[in-house]
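Subject: Structure handover

Hello,

Please find the structure below. My notes on what was found in it follow.

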Amino acid sequence: MKIVLQELTKRYPNQNKKIKEDVVAVDHFTFEIPDGKLIGLLGPSGCGKSTTLNMICGLEKPTSGRIFFGEDDVTDLPPENRGVGMVFQSYALYPHLTVEQNIMFPLENFKGKDKLTREQMKERAKKAADLVQIGELLERRPKELSGGQQQRVAIARALVKEPRVLLLDEPLSNLDARLRLQTREEIRRIQRETGVTTVFVTHDQEEAMSISDWIIVMKQGVVQQIGWPQEVYDKPVNLFVASFLGTPPINVFRARAEGGKLYIGGAAVLDVPGVPDGDVTAAIRPEGFIPCEDGPLVCGRRAVETMGRDTSVVATHPDFVREEIRTIVPSGTRVDAYAPTVSFALRPEKTHLFDPETGERIPFGEETGHE
Amino acid sequence: MEREDFDRIEQAARRRERIRSAVTYVLLALWALIVLFPFYWMILTSVKSYSAYNAEYVPRLFTLAPTMQNYADAFTAVPLGRYFLNTAVFTVLTTGLMLLVIVLAAYAFARLSFPGKDATFTFLLSLMMIPNELVIITNFVTITDWGLRNTFLGLILPSVTSVFYIYLLKENFEQIPEELYKAAKVDGTSDFKYLWKVMLPICSPTIVTITILKVIECWNSYVWPRLITDEPTRFLVSNGIQEIRENGFGRENIPAMMAAVVVVSFPLIVLFLLFHKKIMEGVSRGGTKG
Ligand SMILES: Nc1ncnc2c1ncn2[C@@H]1O[C@H](COP(=O)(O)OP(=O)(O)OP(=O)(O)O)[C@@H](O)[C@H]1O
Ligand SMILES: [Mg+2]
């Protein structure tokens, strides 16, 4: 079932009575989610992810805009008529019911011709429980389960109705790091097995990148970029997206473009054909630095951290906007541990230029047709 | 330090510990005796025969010839069975109605939003400051004006609500995470079903506690029924006992009255023993992290 969002907008009256202006939680969100895909909705806290999800599932009414599931306009339908399953951040399991009763709860509300007998309900609950591999825990109560198991129960409860759309609101944020890794794989597997169109909300970029078919990056209610994860990582449309994705974060420099060359601190560090002359912001991924003796970008050397697979060189530069530059270089690379400076050459595909005022991407090189 | 010193100190400590617990137990036992004595006295008197009781110039602490005659008297000389029935009806109706009222009120205050909600609730809370004795007078006038004296309705009406219990339940309802409601809504649960299937079960320890407290209150209520009923057919047990003492037997029959008191207290004691565990046990509140 594809989901179409058309100019979806949600305003809340401001809680602070003195400010007349509404809070715009979601601002003209337009997108078509293809059938059977897993979409990662990504953004910092308060950017409107939950609000978007709540509008898709029907818990919140959009201020304007429309929502379609397939060809059906569901904007005015109550949640139960939309056929959505939702998993909440805190799982929201009913503490007084057993796992089985929890999973069966949504089925008890079926009316008319959909009404199920007790046996059918039990059967479906069992099927959903087996799908998330908690078939043996059916008699337990939520408090007798680990966080990961509660999480699975919540997913089973969302899936038992055989929803057209599955919505997950930060489902992993209560799990510890290892369980998170494991559970996100699990979610991916379940999604593949059921083929249900899924929207997955998170503020963890790594999580979103690793399991999504598509990611949507949001900021203050406005969609910044939509694309498949590698594309968004490789071609961020603005500085916000570039800074939001990637660990360690991208390194941002004040720079100048002149005559097709990029200058940082007076040194020409990279050929950037097709960029008009003027000030730019240069953002370079940690893996975009190549240490070499005669590299054009000369930085103060702070530390060399060996992390096994690769090495992190921590450096400083007067035109760098924050404290320290973090680079990642292959562990075989020789870095002189005593020299006061370290020089780098840059990889053009890992370097991004942005307008210092608007933060918009400035294309260069191949992107603009120049070589 | 020498080994012997160590042993000596340890022994002394142990001795002190033993003395302390002995003293504690003796004191507790004394306290238990004091608390239980009236019960013992009640049961003892109820099995003394009328003549034996009156023959004792100084009441004895035991009896060698227990009799059940007083119990038979209590049920035959006055309509104790009738009083029992009245009290049972009164208690069940009042408690049931009150639960209905407070659950709905607490739900409204906890979950719904309507204009003036906070003001109304504060106003309700402030009503708790008014002493009961004052309210009784106006209630008496109202009920009398409505011609409801000597009716169950008149008995029940003033106690079908309780601000304190509404407050208690509302606090409890508000502890339930909002996400449970959202989850229920996504699954198409109606508000009423959510209240019935989710909120009430989760809050069942509070509900049970409130029910028991209310039952006890109803069973023991004396002043209001005394005021509002003067026909013996509408008497509750508490008034019934008073009636027995005053003129039930044509003379003052203390042992028979004590027998009636034992019979009347019995259901409450059973109730307490039955539900004592239930209150403690509680229903799990886990399941929602974060
Ligand atoms: N009921 C409400 N009334 C007023 N403002 C609200 C309401 N709900 C959300 N907002 C505002 O809307 C914005 C978006 O909130 P939302 O919950 O969607 O953020 P989020 O992206 O899910 O954040 P998080 O990652 O912290 O969960 C926030 O600025 C929030 O303050
Ligand atoms: Mg959120």
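A salt bridge joins the side chains of R189(A) and E186(A), with 3.4 Å from N to O. This is a predicted model. The two residues sit three apart in helix α5 (residues 177–194) of chain A, so about one helical turn separates them. R189(A) is partly exposed, at a relative accessible area of 24%, while E186(A) is buried, at 13%.

Helix α5 of chain A also takes part in a second pair. The side chains of D213(A) and R188(A) form a salt bridge, 3.3 Å from N to O. D213(A) belongs to the loop between α6 (205–211) and β9 (214–219) of chain A and R188(A) to helix α5, so this pair ties together parts that lie 25 residues apart in sequence. D213(A) has 23% relative accessibility and counts as partly exposed; R188(A), at 9%, counts as buried.

In chain B, K185(B) and D191(B) meet in a salt bridge at 3.0 Å, N to O. K185(B) is partly exposed at 22% relative accessibility, and D191(B) is partly exposed at 29%. Back in chain A, R302(A), E305(A), E323(A), E324(A) and R326(A) are joined into one network by salt bridges that share partners. Over all chains, the whole structure has 39 salt bridges.

Next, the contact between the chains. Chain B contributes 23 residues to it and chain A 28. About 2300 Å² is buried between the two chains, and carbon and sulfur atoms give 59% of that area. Three salt bridges run between chain B and chain A. One of the bridges pairs K161(A) with D187(B), whose closest N and O atoms are 2.9 Å apart. On the side of chain B that touches chain A, α9 (178–186) and α10 (191–202) each supply at least two residues. The most comes from α9(B), with seven residues. That side of chain B consists of eight nonpolar, seven polar and eight charged residues.

Last, the nonpolar cores. The largest has 62 residues, among which F29(A), L167(A) and F173(B) touch the most other members. Helix α4 (residues 80–111) of chain B provides the largest share of this core, nine residues. Beyond its neighbours within four places in sequence, F173(B) has contacts that include V103(B), Y107(B), L195(B) and M199(B). A second, separate core of 35 residues includes L131(A), L137(A), I190(A) and V196(A).

Regards

Key: Residues are numbered from 1 along each chain as its sequence is written. Chains are lettered from A and ligands numbered from 1 in the order in which they are written. This is a predicted model: local features need pLDDT of at least 70, side-chain atom pairs count only at pLDDT 80 or more; totals for chains, interfaces and linings use all residues. Side-chain values use heavy atoms; hydrogens and water are left out. A nonpolar core is a set of buried Ala, Val, Leu, Ile, Met, Phe, Trp, Tyr and Cys residues joined through side-chain atoms within 4.5 Å. Buried means under 20% relative accessible area, exposed over 50%, partly exposed in between (1.4 Å probe, protein chains only). Helices (H or I, at least four residues) and strands (E, at least two) are DSSP runs, numbered from the N terminus. Contact means heavy atoms within 4.5 Å. Buried area is the accessible area (1.4 Å probe) that two parts lose on being put together, summed over both. A salt bridge is a side-chain nitrogen of Lys or Arg within 4 Å of a carboxyl oxygen of Asp or Glu. Ala, Val, Leu, Ile, Met, Phe, Trp, Tyr, Cys and Pro count as nonpolar, Asp, Glu, Lys and Arg as charged, and the others, Gly among them, as polar.
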